[in-house]
Amino acid sequence: MKGTGRFAANRLVIRGNTIVNGVVEIENGTVRSYYHFSEELPFTEWIGGTIELFEEEGVLVAYAHD
């Protein structure tokens with residue numbers, strides 16, 4: 001995922017662990033934080049599906065898919 005923003009999905013997967021209803025915050029294409037979605041957050045784009053987090057070249061990045 002490119003750019004900057006806060007995105008929510010049905011599943012957030014990192015290192016084989018799944019967070020149901022997860023949120024990921026991205027700045028300039030790099031994951032800054034991720035957590036369980038527990039309440040409505042302003043400026044959050046719900047994309048549904050799954051967001052997978054991977055470490056690439058020492059930084060955490062996110063990929064979204066159905």
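**Notes on a predicted all-strand model**

1. Start with E57. At 85% relative accessibility, E57 counts as exposed. The cut-off for that label is over 50%. E57 lies in the loop between β5 and β6. Its phi is positive, at about 50°, although E57 is not a glycine. Most residues other than glycine have a negative phi. Keep in mind throughout that this is a predicted model.

2. F43 sits in the loop between β3 and β4. Is F43 buried or exposed? F43 is exposed, because its relative accessible area of 80% lies over the 50% cut-off.

3. Now the overall fold. The protein has 6 strands and 0 helices. Read along the sequence, the pattern is β-β-β-β-β-β. The radius of gyration is 11 Å, close to the 11 Å that the globule rule gives for 66 residues, so the protein is as compact as a globular protein of that length. The C-alpha trace spans about 30 × 25 × 20 Å along its principal axes.

4. Next, contacts across the sequence. Take the contacts with a separation of 6 or more. Residues 24 or more positions apart account for 43% of them. F7 and T44 are 37 residues apart in sequence, yet 5.4 Å apart in space. W46 and F7 are 39 residues apart along the chain, and their C-alpha atoms are separated by 5.8 Å.

5. Which residues make up the largest nonpolar core? It has 11: F7, A9, L12, I14, V24, I26, V31, I51, L53, L60 and A62. Four strands each supply at least two residues of this core: β1 (5-14), β2 (17-27), β5 (50-56) and β6 (59-65). The largest share, 4 residues, comes from β1. In soluble globular proteins, nonpolar side chains tend to be buried together.

6. F7 is in strand β1. At 10% relative accessibility, F7 counts as buried, since buried means under 20%. Leaving aside neighbours within four places in sequence, F7 is in contact with M1, G22, V23, V24, I26, T44, E45, I47 and I51.

7. What does I26 contact, leaving aside its neighbours within four places in sequence? The partners are M1, G3, T4, G5, F7, V31, R32 and A62.

8. T30 lies in strand β3 (residues 30-36). Why does T30 count as buried? Its relative accessible area is 16%, and the cut-off for buried is under 20%. Leaving aside neighbours within four places in sequence, T30 is in contact with E25, V59 and L60.

9. W46, in strand β4, has a relative accessible area of 45% and is partly exposed. W46 touches A8, A9, N10 and N21, not counting residues up to four places away in sequence. Y63 lies in strand β6. At 38% relative accessibility, Y63 counts as partly exposed.

10. Y63 and I51 are 12 residues apart in sequence, with their C-alpha atoms 5.5 Å apart in space.

11. Last, the surface and the charges. Of the 66 residues, 33% count as buried. The protein exposes about 4,300 Å², and carbon and sulfur atoms supply 49% of that area. There are 5 positive and 10 negative charges. How far apart are their mean positions? They are 2 Å apart.

Methods
Residues numbered from 1 in each chain as written. Predicted model: local features only at pLDDT ≥ 70, side-chain atom pairs only at ≥ 80, totals over all residues. Heavy atoms only, no water. Core = buried A, V, L, I, M, F, W, Y, C linked by side-chain atoms within 4.5 Å. Buried < 20%, exposed > 50% of the residue type's maximum accessible area, 1.4 Å probe, protein only. Contact = heavy atoms within 4.5 Å. Rg over C-alpha atoms; globule rule 2.2 N^0.38 Å. Areas by Shrake-Rupley, 256 points an atom, 1.4 Å probe, with all protein chains shown as cover. Lys, Arg positive; Asp, Glu negative; His and termini not counted. Charge placed at Lys NZ, Arg CZ, Asp CG, Glu CD.
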